[in-house]
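User: I would like a close look at one part of this structure, the place where the two chains touch. Please also describe what lies around it along each chain.

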Amino acid sequence: MIELWFVIIAFLWTGYFVLEGFDFGVGMLAPLVSRTPAEQRASLQTIGPVWDGNEVWVITAVGAMFAAFPAWYAGMFSAFYLPVTLILAGLIMRGVGLEWRGKVTSPLWCDLGIVVGSALPAFLWGAVFAGLLFDGAPAALLGGAFTLAVCVLHGAVFLALKTTGPVRRRARVAALAAAGVTVPVAVAALSSLGTFPALAAMAALAAATALIWRRREGWAFAATAGAIVLVMVAVFMELRVSPLPGLTLAEAASGEYTLTMLSWIGLITVPFVLVYQGWTYWVFRKRVQVAG
Amino acid sequence: MDALDLARWQFGVTTVYHFLFVPLTIGLGVFVAGLQTAWHRTGKEHYLKLTKFFGKLFLINFAMGVVTGIVQEFQFGMNWSEYSTFVGDVFGAPLAMEALLAFFMESTFLGLWIFGWDRLPKKVHLATIWAAAIGSNLSAYFILAANAWMKHPVGYEVVDGKARMTDLWAVLTNSTALAQVPHVVGSAFVVAGGFVLAVCGYWLLRTRAEMWRSAARAALVMTAIAGAVVAGTGDMSARLLHEQQPMKLAAAEGLTHDTQGAPFTVVPGIEIPKLLSLLSTHDPDATIQGTEDLQTRFEQQFGPGDYRPDPTVVFWSFRVMIVFGLATVGLSVLGLWLTRRRRPFPAWLSRALLLALPLPLVAVIAGWLLSEIGRQPWTVTGELLTAASVSPGVSLAEVATSLTLFTLLYGALAVAEVVLLARHVRGGVEERPPAPAVERREPSLMY
């Protein structure tokens, strides 16, 4: 039961980084790939209907950690106090920026909030998870640089997949540039893990680069998403031994009764969530046009 | 001033601030869904205009509720790691359920609603706003079940210094939660009704359009009904306090010693004989415990320490809650009477309706101060003291940093939110007829 809940929490965090990963990337890139306010609007519209639902994945991941592994939850967020504070500040600025930018006279402040509020968590989540696995500031910085780069790449590919015309073209260029940075950073960051999924993630990122070069945007997006999944698998394989220094999963876990109850609740609700979130992507599956 | 004090301040500041937006989300979501349903049923254009108008105000507010809510989910672990480790087995379950059952539904369907006006069939689109509104209300239930457990822990045992859940059903049907949910959700509908009334009051002073009258009448009905629910469940809560949290009840009344046939203190010096006993037990001659006598008994039970909450805050927040809450409900009942059978809104009433925005907000904040400061010195009544709940490894400087950052950020956003809401209220409804729904590829709204 403990193992199962560890896998579920890994699944929730993975879902979060796959989904919000491209939200972060789009948030950072929107001003770069847009020349006009209409293009900027179209860029952000690619994530408009879904970003808030994507963000619930982290609330669920954290809530599930609280319920299933209280000591892990408590230890992790009190240990990484300042980075988590800044992540929260970023998520606040970004959320408000995205919701308000269509309702203010000049969206400048909102756009600034979206860029900063996307970059901060994209970097700091990597630093926090690297901090769980390795000692020292260099490892944390490398981890942060890696997640930041992957989010930019993932978002650029998503933008190329979801837009048309000049925005799509610029997004492709941005994706190629991002890939040029991401692949070497990934080699540096992931080789310290050295496990099979970590190596496979590097391969997936290389494949994504080739696919975006050949304008296979859908497949490129699958490759960046796959790379994120593989990285998370590699990270959680390490955390399985010890989720926090000096703490084992069994010590951190809630009782058998609670885990059983949570399992039933998850079993009943998660399929519904996946279906209606999937349906949202289906409803908004078309590329976003720039309003004329 | 140590890390504990600042952590308490941060929790207070961020939670009170969060709860300025939450009641509006809970109540206004249902109100907007109701307006859209009215449009769907009657086909009257002004219901669509009102749906879009209040929908926009709802979304401006919703964003603030969401982003300030994320902080809460992390804050327990950041500042209250000892608490989190002790309670997670029990307290975490409703939080996880809240995310799975409520937050996903709320945010996903709201995204569909915002961008789905031209994409979804009309009925499906209507269903999305209802799903979002139901999600908001469900979230209130789960978080209040968690909160109620702190005041009246049930369905658990303590093993190796940690609470272990033994009965989830008991946690979810905690008598305290069942009294608190309708009380808090009802008050959320009073706040939302008051918000709509203030907006309508503003417009009724400027135009005779039937639209604002009908919106105001609907909000008056909503506020009056919700107000009755709040008052009724407040009475339930008082009786539960007598059984479960006698110290809070005594502090709220400034009752120092065990008293048979205890009077209700209106303000210090003015008392109504036997009313407190009557209210809290339905027996005018019942004995109500006083703070000093409880303190003596708690010291015998739990060891030396001060088990009394801040008497001033608890006493006065109780009165502020009642006065401001009743004033709002009184205003709505008066409004219903004065505008019965198509009578117009008198100008002074429209002006008075502007007060319906601040009055209930003050009441709900006072209610939370009563509820949570009255729980002190415990985080979990009888099990865990607040002083023992704080994160041991988090320094004063760290808490000071986060408290400063959140306060500055929240302060700036509060100003922006008020300016933004005011601008959109003044902007009024969009008079331009909605574009025909033929093959518009572009979602027209909001971004």
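Analyst: What follows describes the contact, then a helix of chain B, then some annotated spans of chain A. The model is a predicted one.

The contact draws 60 residues from chain B and 58 residues from chain A. On chain B, at least two residues each come from helix 2 (45-79), helix 3 (81-115), strand 2 (162-165) and helix 14 (396-427). Helix 3 of chain B gives the most to this side, with 23 residues. Sorted by class, the side of chain B that touches chain A holds 35 nonpolar, 16 polar and nine charged residues.

Helix 1 of chain B covers residues 3-42, which makes 40 residues. From its first C-alpha to its last, helix 1 of chain B reaches 58 Å, close to the 58 Å expected at 1.5 Å a residue. Helix 1 of chain B also has a kink of about 30 degrees at B:L20, shortly before the proline B:P23. Just after this helix comes B:G43, with a positive phi of about 75 degrees.

For chain A, an unreviewed UniProt entry carries the annotation "transmembrane region" on several spans, among them residues 79-96 and 220-241. In the model, residues 79-96 of chain A are 94% helix and 0% strand, and the end C-alpha atoms of that span lie 27 Å apart. Residues 220-241 of chain A are 100% helix and 0% strand, with 33 Å between their end C-alpha atoms. Other spans of chain A under that annotation include residues 6-33, 108-134 and 261-284.

Terms used. Residues numbered from 1 in each chain as written. Chains lettered and ligands numbered in written order. Predicted model: local features only at pLDDT ≥ 70, side-chain atom pairs only at ≥ 80, totals over all residues. Helix = DSSP H or I, 4+ residues; strand = E, 2+ residues; numbered from the N terminus. Expected span 1.5 Å × (residues − 1). Bend = angle between axes of the 7 residues up to and from the residue. UniProt positions renumbered as here; feature names shortened; annotations may be inferred. Contact = placed C-beta atoms within 7 Å. Nonpolar A, V, L, I, M, F, W, Y, C, P; charged D, E, K, R; others polar.
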